[in-house]
Amino acid sequence: MTIKSNTKFITDFKKTVKARVKYSVGKNWEAASKRDIFLAVSLAARELIIDRMLETEKRYEENDAKRLYYLSMEFLMGRSLGNNLHNLEIYDLCKDALLEMGVDIDEVRDYERDAALGNGGLGRLAACFLDSIATLGMPGYGCGINYEYGLFKQVIDNGYQKEKPDNWLREETPWQIKRPDEISIVPIYGEIEHSQDREGNYNPMWMNWKVLIGVPYDMPIVGYGGRTVNHLRLYSAVSSEDFDMEIFNHGDYFDAVKQKITSETISKVLYPSDSIESGKELRLMQEYFFVACSIRDAIKNYEKKHSEIENLHEKVAIQLNDTHPALAVAELMRILVDEYTIEWETAWEVTTKTMGYTNHTLLPEALERWSVPLFEKVLPRHLQIIYEINRRYLAEISEKYPNDIARFSKFSIIEEGEPKQVRMANLAIIGSHSVNGVAELHSELVKTNLVPHFYELTPEKFNNKTNGVTQRRWLLKSNPLLAELITDSIGDKWITNLDELRKLEDFAKKKRFQNKFLKIKKMNKEALAKIIKKTVRIDVNPNSLFSVQIKRIHEYKRQLLNIMHVIHLYFAITEDGYKLPVPRTFIFAGKAAPGYFMAKLIIKLINSVAKKVNNDPRVSDVLKVAFIPDYRVTLAESIIPAADLSEQISTAGKEASGTGNMKFSMNGALTVGTLDGANVEISEEVGDENIYIFGLVVDEVQQMLKDGTYSTWNFYNNDSNIKRVLDSIENNIFCEEEEGIFLPIHDKLLHFGDEYFHLADFESYRSTQEQISRDFVNSSEWARKAILNVARMGKFSSDRTIQQYADEIWNLKKY
């Protein structure tokens with residue numbers, strides 16, 4: 001954003017802030033609360049943003065730009081004020097303006113709540129992508145649900161995770177622009193009437209459907225420099241007033257209110273529990289609701305300038321972020337065939353050329369399936385269309401592979417069984433012209449392990465787009481001290497071209513630069529230590545080695561392996577007299593799904609070990625454990641810059657990519673990890689000597705699974721460290737007041753196969769951690785390696801990822 005005069009900008013900004021307090025909040029400046037000032041500052045910035053958003057839209061319209069609609073169930077946006085000011089390049093000016101008004105900008109920013117629109121990596125990746133699309137000047141929009149409640153607010157009670165409502169919209173956000181004049185009408189339920197048209201052709205009619213209303217709210221997405229401002233469109237569900245009044249006027253008042261409540265529940269909460277049938281139904285309704293609204297909007301925008309719906313794919317690209325939006329395939333077909341009366345073959349060509357699908361998981365259980373009876377109840381016409389897609393597709397398969405029933409069943413969208421299931425991944429693959437994984441290893445495993453039959457049939461569809469993160473939020477904003485050091489040393493081009501960081505290689509061995517780098521790391525660690533003290537009342541030593549694992553709690557991510565190592569260290573010190581080369585602090589954060597028993601028990605184990613270790617005077621000076629509750633974007637922004645060691649220790653072949661690994665390396669942490677996901681590519685970029693790799697590789701894991709040669713008892717009987725750790729879990733050493741609570745963990749590791757190979761990788765992990773402790777003592781060499789990690793992160797900018805999507809999948813241009 002070009003500023004002609006700093007003095008004039010500061011003067012004008014102060015006037016605008018005071019005007020917003022007076023005319024938007026309705027108070028005099030002297031009476032304004034912190035919330036009032038936050039709203040006023042945000043609204044003042046929003047005025048600048050809206051000007052640029054309108055200019056951006058005009059530019060797109062003048063160029064008849066092709067537009068991208070990025071469909072995702074999650075957008076983990078975090079806070080917006082600081083990010084928007086940074087991307088407008090007015091952060092320092094606004095800071096100075098507020099200082100002159102007696103206001104600390106950090107206090108203003110702290111008032112903002114994180115936008116609770118996502119859970120983990122999927123949602124944060126989507127947020128990074130939107131930042132990069134806008135920064136690159138491309139017409140791309142996020143499409144999702146305007147959840148009133150986020151996943152949940154996590155509190156820790158006696159070591160256990162407890163879930164509290166996260167009503168982030170309790171106080172109206174200044175970052176959403178309501179668009180009531182652009183509502184979408186979404187049909188749902190009803191039944192199919194089998195009829196014929198005038199020519200005697202089969203003409204099914206979707207009858208007696210109910211109506212949902214989707215009200216869009218636009219959240220501006222500011223590209224760096226402020227030239228391009230796109231938006232994230234989020235839909236809130238409201239009931240149909242006409243339908244409700246009809247029930248009401250018939251005297252059935254209770255049902256009228258019930259219908260309204262049911263309709264508006266759709267945008268109430270992120271990921272309702274699907275352990276019961278009503279939860280499954282609500283989740284299916286959510287996925288259909290936002291997909292239907294998004295496609296309606298895409299077509300409306302297209303028809304502003306174009307009348308030939310058969311050419312939709314030339315001006316519209318739709319990307320499915322995982323299987324949640326896969327219904328877009330059936331919904332676009334329904335609209336084209338039913339509402340535009342397009343011939344099936346033409347409609348299918350338009351649909352497949354419009355859709356692209358990103359796979360994010362190698363876990364078969366994470367690939368969505370919906371029961372046919374539920375599908376028929378909620379979306380009868382869509383089920384009919386899916387059956388027809390399947391029939392035609394399988395007819396092609398039978399020509400290519402006649403009489404091959406086993407292969408036939410793998411391709412089918414409908415999985416046989418009782419009840420039958422709709423495979424959403426198959427629908428997404430069949431209905432898209434592009435199918436991509438999110439790391440080189442992941443993409444290969446998609447082709448060879450997950451869906452090799454699809455790859456064999458249409459290899460040209462499959463490609464890789466290694467994930468990336470935006471350096472604007474995860475370095476410039478989150479780590480301002482390091483960002484300033486980098487800019488002072490190599491200039492500021494890295495902010496929009498992360499490959500520029502390579503220039504830092506020349507500084508890696510320079511003592512003066514190393515000292516500045518280490519000083520910044522120490523300051524970030526001191527800041528995090530204060531947060532830990534405030535939130536969990538644990539004193540941690542900023543001079544200790546901060547090992548950090550912050551991510552969704554899941555067995556394959558192996559937080560359990562991490563805490564098992566901590567248990568080992570505890571006994572090595574207290575029973576064996578082992579002297580740690582350097583004090584260690586192990587920091588955890590992350591949420592477990594409310595119904596995921598084992599993940600929640602792992603959180604309890606971490607907290608129980610922390611209680612024991614932190615209160616034992618024999619180790620408390622050299623070993624600390626902290627679980628920081630309610631992990632979210634804002635918390636990550638404080639933790640990541642302070643990390644010395646990034647724990648990326650998933651079972652090889654289970655993590656699709658990971659993006660936390662990239663953020664940590666970008667901020668000068670070294671990685672300890674398996675050759676899984678994007679760790680493989682990070683290792684290639686930073687060099688084997690600047691990363692700590694341990695454990696089994698994918699081929700070894702797969703071979704052991706295939707041969708059935710993995711014996712947990714062999715590891716238990718032949719490794720005294722493993723035996724001591726498992727025995728302590730079994731013998732209630734960490735749960736003296738709740739005996740037996742950790743037996744499920746012990747039994748799953750020892751008696752039920754250790755699905756994620758904790759015991760097989762333990763010794764390799766333990767010895768690697770021992771080497772890490774020794775290496776950390778040499779601060780100069782550690783700093784050199786850490787600086788080289790920062791310098792070699794150019795590949796992992798989401799700008800690079802988006803440019804590849806634009807060139808190779810979307811055919812999207814810069815304007």
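The model is predicted, and local features are reported at pLDDT of at least 70, side-chain atom pairs count only at pLDDT 80 or more, and totals for chains, interfaces and linings use all residues. Residues are numbered from 1 along each chain as its sequence is written, and side-chain values use heavy atoms, with hydrogens and water left out.

The protein chain contains 33 helices and 23 strands; helices (H or I, at least four residues) and strands (E, at least two) are DSSP runs numbered from the N terminus. The radius of gyration of the chain is 27 Å, close to the 28 Å given by the globule rule for 815 residues, so the chain is as compact as a globular protein of that length. Here the radius is taken over C-alpha atoms, and the globule rule is 2.2 Å times the number of residues to the power 0.38. Along its principal axes, the C-alpha trace spans about 90 × 75 × 55 Å.

Of the 815 residues, 61% are buried, where buried means under 20% relative accessible area, exposed means over 50%, and partly exposed lies in between (1.4 Å probe, protein chains only). The chain exposes about 32,700 Å², of which carbon and sulfur atoms supply 49%; accessible areas come from the Shrake-Rupley method with a 1.4 Å probe, and for residues only the protein chains shown count as cover. Among contacts (heavy atoms within 4.5 Å) between residues at least 6 apart in sequence, 76% join residues at least 24 apart.

Strand 9 (residues 210–222) has 12 of its 13 residues buried, so this strand is largely enclosed by the rest of the structure. Several strands pair with strand 9, two strands being counted as paired if DSSP finds at least two bridges between them. Strand 5 (residues 177–178) pairs with strand 9 in the antiparallel sense over 2 bridges, and I177 stands opposite D218. Strand 6 (residues 184–188) also runs antiparallel to strand 9, joined by 5 bridges, with I185 opposite I213. Strand 10 (residues 229–239) pairs with strand 9 in the antiparallel sense over 11 bridges, and L234 of strand 10 is the bridge partner of Y217. Strands 9 and 10 form a hairpin with 6 residues between them, and G225 in the turn has a positive phi of about 95 degrees.

Strand 2 (residues 140–145) is mostly covered, with 6 of its 6 residues buried. Strand 1 (residues 67–71) runs parallel to strand 2 and is joined to it by 4 bridges; the bridge partner of L68 is G140.

An open sheet of 6 strands has the order 20-19-18-21-22-23 with parallel pairing. Strand 20 (623–627) and strand 23 (692–693) stand at its edges with a single partner strand each, so one side of each is left without a neighbour in the sheet. Within this sheet, strand 18 (residues 545–550) and strand 21 (residues 645–648) pair over 2 bridges, and V548 stands opposite S646. Another open sheet consists of 3 strands in the order 13-15-14, with antiparallel pairing. In strand 15, V422 is the bridge partner of I414.

Helix 2 (residues 34–62) has 29 residues and should span 42 Å at 1.5 Å a residue; its end C-alpha atoms are 42 Å apart, which agrees. The expected span is 1.5 Å times one less than the number of residues. Helix 2 is followed by D64, whose phi is positive, near 45 degrees.

The largest nonpolar core has 275 residues, of which F375, W494 and W810 touch the most other members. Such a core is a set of buried Ala, Val, Leu, Ile, Met, Phe, Trp, Tyr and Cys residues joined through side-chain atoms within 4.5 Å. Helix 9 (residues 277–303) gives the most to this core, with 13 residues. Not counting residues up to four places away in sequence, the contacts of W494 include Q471, L475, I486 and L501.

S263 is found in helix 8 (residues 253–264) and is buried, with a relative accessible area of 3%. Beyond residues up to four places away in sequence, S263 touches L212, A237, V238 and S239.
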